[in-house]
Amino acid sequence: MTDIRIPARAAVRRGEVRIVLVDDHAIVRQGLRSVLEREPQLSIVGEASSAPEALAVVAHERPSIVLLDLKLSTSSDSEGLQLCRQLTQAHPGVGVLVLTTFLDDRLVVEAVHAGARGYVVKDVDTTELIAAIRAVSRGESAFDSRSAAAVVRSLNGQQPHGETLTGRELDVLRLLARGMSNRTIGRELFISETTVKFHVGNLMRKLDVSRRAEAVYAASKMGLI
């Protein structure tokens, strides 16, 4: 008997963050559902325990967020990484947030390569998890402090090619690596949100990336953060 759950599609409420849970343990999905559905505008619209189920549910529900455990029906993490890649390629508007037990430098980097917008470990507190979900739903990256540090540790410093980043762009980049939103970065640096967007656009152009998570990865690879 399959764990797949595809409820009847309901009308999408304004500002609703629609979430699909992908984890091979039913008790974990039940716990996440009970926690997340208490939050305003967070709605669990589907669950899956395997890659084929996840692909079916996401295609049917078109969620805002997929909360993905990398360890699914096999002992290897490769299935979860491949699923992440398939989801982000087939549904570019869906934000994949990895929620897993394993904090491994290689996994964090490979998840970013596969298109994940964030990576948090399962012992994260509820407040931080909800903040990460909301950040990803806004198109931002969301790495807890440990996974962001894992990216940095896993890469050798390299000299950047082409245009160099300004001091202010580096300031913005370091705060991006901490998963901050444009608004929070602006408050931290005492500049406007519009100015932050300008700097983010510039640094992404210079790093030749299209997503915030990729900017963090590229800058880490270059030894900038």
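**A walk through the predicted chain**

Phe190 sits in the loop between α8 (182-189) and α9 (193-207). The model is a predicted one, in which local features need pLDDT of at least 70 and side-chain atom pairs count only at pLDDT 80 or more, while totals for chains, interfaces and linings use all residues. Residues are numbered from 1 along each chain as its sequence is written, and side-chain values use heavy atoms, with hydrogens and water left out. Helices (H or I, at least four residues) and strands (E, at least two) are DSSP runs, numbered from the N terminus.

Phe190 has a positive phi of about 60°, although it is not a glycine. Most residues other than glycine have a negative phi. Phe190 counts as exposed because its relative accessibility is 78%; exposed means over 50% relative accessible area, buried under 20%, and partly exposed in between, with a 1.4 Å probe and protein chains only. Arg62 also has a positive phi, of about 50°, and is not a glycine either. Arg62 belongs to the loop between α2 (51-61) and β3, and with a relative accessible area of 51% this residue is exposed.

The protein chain as a whole has 10 helices and six strands. Of its 225 residues, 52% count as buried. Contacts (heavy atoms within 4.5 Å) with a separation of 6 or more come, for 68% of them, from residues 24 or more positions apart.

Leu97 counts as buried because its relative accessibility is 0%. Leaving aside residues up to four places away in sequence, Leu97 touches Ile65, Val66, Leu67, Leu68, Gly118, Tyr119, Leu129, Ala132, Ile133, Val136 and Ala142. Leu97 and Ser141 are 44 residues apart in sequence, yet their C-alpha atoms are 8.9 Å apart in space.

UniProt, in an unreviewed entry, places the feature "modified residue: 4-aspartylphosphate" at Asp69; UniProt positions are given in the numbering used here, feature names are shortened, and annotations may be inferred rather than shown by experiment. Asp69 counts as buried because its relative accessibility is 4%. Apart from residues up to four places away in sequence, Asp69 touches Val22, Asp23, Asp24, Leu99, Thr100 and Lys122. The Asp69 side chain also reaches the backbone nitrogen of Lys71 at 3.3 Å.

Glu16 is in the segment before β1 (17-22). At 11% relative accessibility, Glu16 counts as buried. The side chains of Glu16 and Ser43 are joined by a polar contact of 3.2 Å. A polar contact is a pair of N or O atoms within 3.5 Å; within protein, one must be able to donate a hydrogen and the other to accept it, and residues adjacent in sequence count only if both atoms are side-chain atoms.

Helix α4 (residues 105-113) has Leu107, Val108, Val109, Ala111 and Val112 buried. Gly115, which follows α4, has a positive phi, near 105°.

Two pockets remain. On a 1 Å grid over the protein atoms alone, a pocket is an open set of points where a 1.4 Å probe fits, with protein on both sides within 12 Å along at least five of seven lines; lining residues have an atom within 4 Å of a point. Grid points are joined across faces, edges and corners, and a volume is the space filled by probe spheres set on the points.

The largest pocket has a volume of about 230 Å³. Its lining has 14 residues, of which Ala131, Ala132, Arg178, Gly179 and Met180 lie nearest the centre. The lining divides into seven nonpolar, two polar and five charged residues; Ala, Val, Leu, Ile, Met, Phe, Trp, Tyr, Cys and Pro count as nonpolar, Asp, Glu, Lys and Arg as charged, and the others, Gly among them, as polar.

The second largest pocket has a volume of about 160 Å³. Val28, Gly31, Leu32, Val35, Leu99, Lys122, Val124, Asp125, Thr126 and Leu129 line the second largest pocket. The elements that give two or more residues to this lining are α1 (26-36) and α5, and α1 gives the most, with four residues. Six of the lining residues are nonpolar, two polar and two charged. Leu99 and Lys122, both in this lining, are also among the residues that Asp69 touches.
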